[in-house]
Amino acid sequence: MRLMVEFTTEPFELDSFPDHAKAARRVVDEAGLAVSVGPFGTSAEGDAEQTLAAVTRLLRETLDAGATRISVQVSVLDDDNQTPEGVGTQ
């Protein structure tokens with residue numbers, strides 16, 4: 001099974017990348033997940049065990065780096081087209 005995790009960390013800083021955001025990006029990169037950075041958050045995908053382990057580490061390390069809120073959404077990817085289950089299917 002493949003999973004996609006979407007996450008944001010707060011507080012937001014407009015002038016620079018806060019330490020908690022750097023920690024989150026480092027975790028998903030080191031986990032070997034496919035990462036996509038968007039204007040409202042970051043998404044990463046990989047196999048279930050790899051992704052779930054990265055989420056646990058991401059939560060711990062971003063909190064340690066000063067995050068006051070972390071929003072996380074995990075979706076199961078459809079094996080055929082790699083989109084979250086139920087999205088774009090009829």
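The largest pocket of this predicted model has a volume of about 500 Å³, where a pocket is an open set of points, on a 1 Å grid over the protein atoms alone, with protein on both sides within 12 Å along at least five of seven lines. Of the 20 residues that line the largest pocket, Thr-9, Phe-17, Ala-21, Val-37 and Thr-42 are the closest to its centre, a lining residue being one that has an atom within 4 Å of a point. Strand S1, helix H1 (19–30), strand S2 (34–38) and strand S3 (41–47) each contribute at least two residues to this lining, and the largest share, five residues, is supplied by H1. Helices (H or I, at least four residues) and strands (E, at least two) are DSSP runs, numbered from the N terminus. In composition, the lining of the largest pocket divides into ten nonpolar, seven polar and three charged residues, with Ala, Val, Leu, Ile, Met, Phe, Trp, Tyr, Cys and Pro counted as nonpolar, Asp, Glu, Lys and Arg as charged, and the others, Gly among them, as polar.

Residues are numbered from 1 along each chain as its sequence is written. As the model is predicted, local features need pLDDT of at least 70 and side-chain atom pairs count only at pLDDT 80 or more, while totals for chains, interfaces and linings use all residues, and side-chain values use heavy atoms, with hydrogens and water left out.

About 40 Å³ of space lies in the largest cavity, the volume being the space filled by probe spheres set on the points, which are joined across faces, edges and corners. The elements that give two or more residues to its lining are strand S1 (2–10) and helix H2 (48–64), and H2 provides the largest share, four residues. The lining of the largest cavity consists of Val-5, Phe-7, Val-28, Thr-51, Ala-54, Val-55, Leu-58 and Val-72, and these residues divide into seven nonpolar, one polar and no charged.

Side chains of opposite charge can pair when their charged atoms come close. With a salt bridge taken as a side-chain nitrogen of Lys or Arg within 4 Å of a carboxyl oxygen of Asp or Glu, the count comes to six salt bridges. One of them joins Arg-2 to Glu-45, with the closest N and O atoms 3.4 Å apart; this pair links distant parts of the chain, Arg-2 lying in strand S1 and Glu-45 in strand S3, 43 residues apart. Arg-2 is partly exposed, with a relative accessible area of 28%, on a scale where buried means under 20%, exposed over 50% and partly exposed in between (1.4 Å probe, protein chains only).

Within helix H1, Arg-25 and Asp-29 lie four residues apart, about one turn of the helix, and their side chains meet in a salt bridge (3.0 Å, N to O). Arg-25 counts as partly exposed at 36% relative accessibility, as does Asp-29 at 39%.

A further salt bridge is formed by Glu-61 and Arg-26, whose closest N and O atoms are 2.7 Å apart; here too distant parts of the chain are linked, Glu-61 being in helix H2 and Arg-26 in helix H1, 35 residues apart. Glu-61 is partly exposed at 22% relative accessibility, and Arg-26 is partly exposed with a relative accessible area of 37%. Both residues belong to a network of salt bridges that links Arg-26, Glu-30, Arg-57 and Glu-61.

Terms used. On a 1 Å grid over the protein atoms alone, a cavity is a set of points where a 1.4 Å probe fits but cannot get out, and a pocket is an open set with protein on both sides within 12 Å along at least five of seven lines; lining residues have an atom within 4 Å of a point.
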